[in-house]
Amino acid sequence: MTPLLEIKNLNVAFNTERGQIRPVRDVSMSIFPGQTLAVVGESGCGKSVTALSILRLIPQPPGKILGGQILFEGRDLVALREEEMQRVRGKEIAMIFQEPMTSLNPVYTIGDQIVEAVKLHQGVTSREAYQIAEQSLNDVGISDPHRRIHEYPHQMSGGMRQRVMIAMALSCRPKLLIADEPTTALDVTIQAQILELLRKLQRETGMAIMLITHDLGVVAENADAVAVMYASRVVETATVETLFDQPQHPYTEGLFRSVPKLNENAARLTTIPGSVPNPAKFPSGCKFHPRCARTRKLAASAPADQTTELKSGGEIIRVLTRCVNEEPELREIQPRQWAACHQIASYNSAKVTPPVVDHKREVTTEHSTEAMQLEAAKGQTA
Amino acid sequence: MRDERTVPRSWLARAMLDTVGKTSARLGLIWISVIAFCAVFAPFLANSYPILVKMNGHWSSPMAQHFTPTDVTLLVVTFAAIVLFVFLQRFRLFARLSAFAAIVVLTITLSLLFVHPPLTNVFEQYRDLAKSGDVQWALDAPIPYSPGDHLRDQFDPDRPHPWSPNSAHRMGTDQFGADISSHMIHACRVAMAVGFISTGIAMFIGIFIGGLMGYFVGLVDLLGMRLVEIFGAIPTLYLLLAFVSVFERNIYVIMAIIGATSWVGNARFVRAEFLKLRGQDFVQAAIASGLKLRSVMFRHVLPNALAPLLVSASFGIASAILAESVLSFLGLGLPVGEASWGALLNQAVGAGGAFQWWLGTYPGIAIFLTVFAYNLIGEALRDALDPKLRGAG
């Protein structure tokens, strides 16, 4: 099967007053039709810039795509002219944003905003466009769309507006939907509804979703494949099952440890020490080494000539010299799992291959919900 | 089609309603409406030619026969505006605005082509006919004198003009014998036109240049700001004086010069708004849905940037009116004989140096009230649009 979207060695730079920064380096990932790829990472790790680069929405200048390819159905989006890109945006690839409160234009009714895109991409009359808009509002579960289509954004709640954004994005039946933290700004019950809605619409239309999030719960429920990003690079990518069962990269492990668990009675939540480095001054070698628990642990028992002392967050730590000097590449650790860390046992023998995770999770969501309910019922009877 | 009970209003519409709800703004609007009414219906209000007349058994309208293309255009355009914006509200605003623009252009063209008033005006014609008893019935305008009517039939060597206010001429006459009240009413046209046309030009240039600067930033912004600084350094009044002293006097050139030098403030406002808005999510969303640059800039960013511009426009109108009055007062404004408040002020000091109060007071009050009214509206708009005073929509 050929991927719908294939990002190959994407490099993005921003020219700032204090020199060039590189928020995205050698990023490769792929999405297959009907697949949900979750892109995970802390704030500032480059996931949003990657997403914006796909639609060429990064401000240029100061932004610049230095190199790499973004192949959408075989066409390189990086090389397209702006007018051609306008036909891709909205029609082939749509995007929904994090903040539904500000993503709709306050001076137009929601109908006007949906109709404008529909008319542009589908070449229909105003009357037909209104019908399509009403239908797509209906599809996202807005009651009484005939009346609400004439409402202004300020008359709606956050969850409603995000539904409108989704309706707008899906009104032209795109093949790929980029959802940049679509539920971060919403409260938890609305989050669940919106994600359920996205899953339902994905089943109905067969579109692919690139889901950008930092919520591992969202990943576990929705993703087929996962790409973990840290400090401008993809550090691990795998199927969702493999990643949750056998995380390879210490950063991924750290993310999992940071998820609070109900059955643990901890006074402090576990965190990854330190913070994502500023793109203007990334550390040398593996960009994760100042925060990495694995390299510290291994350095403790390693010969002194293989370790280096350095300052991190005010304390002196001892790490492996290789992690400081040499940047790891994304290598195929096992089938359908790629990771970039020197300290994975099979890293040295693994090959550098383009990460292509062609995988669709077996269980549909209803099943998983049912299974969860079954589990819960078992737990009660036991 | 729409549910009338819950007519949703956009943020701007609500701000407008808030503005109109203020007493001060309402007073301002009432005064501007009076001026606008006088401007449009000037020939009905002050005219030497009767509105309707029955002569030798025939009905006719001498007023209509002496309509100028301006009279016809103003009447048709006002009528069209009322029909389009009051009675046809169920159509989309954009469609109505386009229809209105088309009607304006068409009326101007047609009236210039087909409306030909008599080349020579004999203002006393119907007064003479009435005296000789040829007129059986006549409906005169409330002020039966045109501003160009120098009362040649009432010439009296013992009573030279200007006359102070009397029962026939409530506001007196000027040095040529023209009725001041008539002059005042016809001068409303210049006051309205100078304000709106020059501010319109300033808004158009300001939006265009400010929008480009704010949206594209970088080099465009750098060059645009230099242009703004150059134009900001031109003193409007001196440019006007220099121009008028070299070329012939022309109200449209005056409007164009006022407009072409006062767009600087608008450009700065629009630039600031565009800079703020270009990074907003809904602009990103508009680009992400594949809209063209033109549509993103003018359909999505511009309407959100209009608020501060409305405020600056209402103050701009006021200062344009003042500029024209100053020019006319200096005797460098309109061609001689055309009605303007400033031109009346100019005559307030008579030949012998005596102050003729009625030539100073009435136009002075009119200028003051008009400028004040626009400032009141601008002030109320600014309060209504200030996000600190109201929950930002």
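In chain B, residues 24 or more positions apart account for 71% of the contacts with a separation of 6 or more. The model is a predicted one. Chain B holds 16 helices and 3 strands. Of its 393 residues, 39% count as buried. The C-alpha trace of chain B spans about 80 × 55 × 40 Å along its principal axes.

Next, the core. The largest nonpolar core has 180 residues. Leu37(A), Leu176(A), Met210(A) and Val226(A) touch the most other members. Helix 8 of chain B, residues 180–216, gives the most to this core, with 16 residues. Leu37(A) touches Met210(A) and Leu211(A), and also Met29(A) and Ile31(A). Ala223(A), Ala225(A) and Ala227(A) are likewise among the contacts of Leu37(A), with residues up to four places away in sequence not counted.

Now the sheet. Chain A has an open sheet of 8 strands, in the order 6-7-8-3-9-10-14-13, with mixed pairing. Strands 6 and 13 of chain A are the edges, each pairing on one side only. From one strand to the next, the twist averages 20 degrees.

Strands 9 and 10 of chain A run antiparallel and are joined by 6 bridges. Tyr230(A) stands opposite Arg233(A), which is in strand 10 of chain A. Helix 10 of chain A, residues 250–258, packs on the sheet and touches strands 3, 9 and 10 of chain A. The direction of this helix makes about 100 degrees with that of strand 9 of chain A.

| Strand of chain A | Residues |
|---|---|
| Strand 6 | 93–96 |
| Strand 13 | 331–334 |
| Strand 9 | 225–230 |
| Strand 10 | 233–239 |
| Strand 3 | 36–40 |

Terms used:
Residues are numbered from 1 along each chain as its sequence is written. Chains are lettered from A and ligands numbered from 1 in the order in which they are written. This is a predicted model: local features need pLDDT of at least 70, side-chain atom pairs count only at pLDDT 80 or more; totals for chains, interfaces and linings use all residues. A nonpolar core is a set of buried Ala, Val, Leu, Ile, Met, Phe, Trp, Tyr and Cys residues joined through C-beta atoms within 7 Å. A residue is buried if 20 or more other C-beta atoms lie within 10 Å of its own, exposed if 12 or fewer, and partly exposed in between; C-beta atoms are placed from the backbone. Helices (H or I, at least four residues) and strands (E, at least two) are DSSP runs, numbered from the N terminus. Two residues are in contact if their C-beta atoms, placed from the backbone, lie within 7 Å. Two strands pair if DSSP finds at least two bridges between them. Axes are lines fitted to C-alpha atoms, for helices over the stretch in contact, and angles run from 0 to 180 degrees between N-to-C directions.
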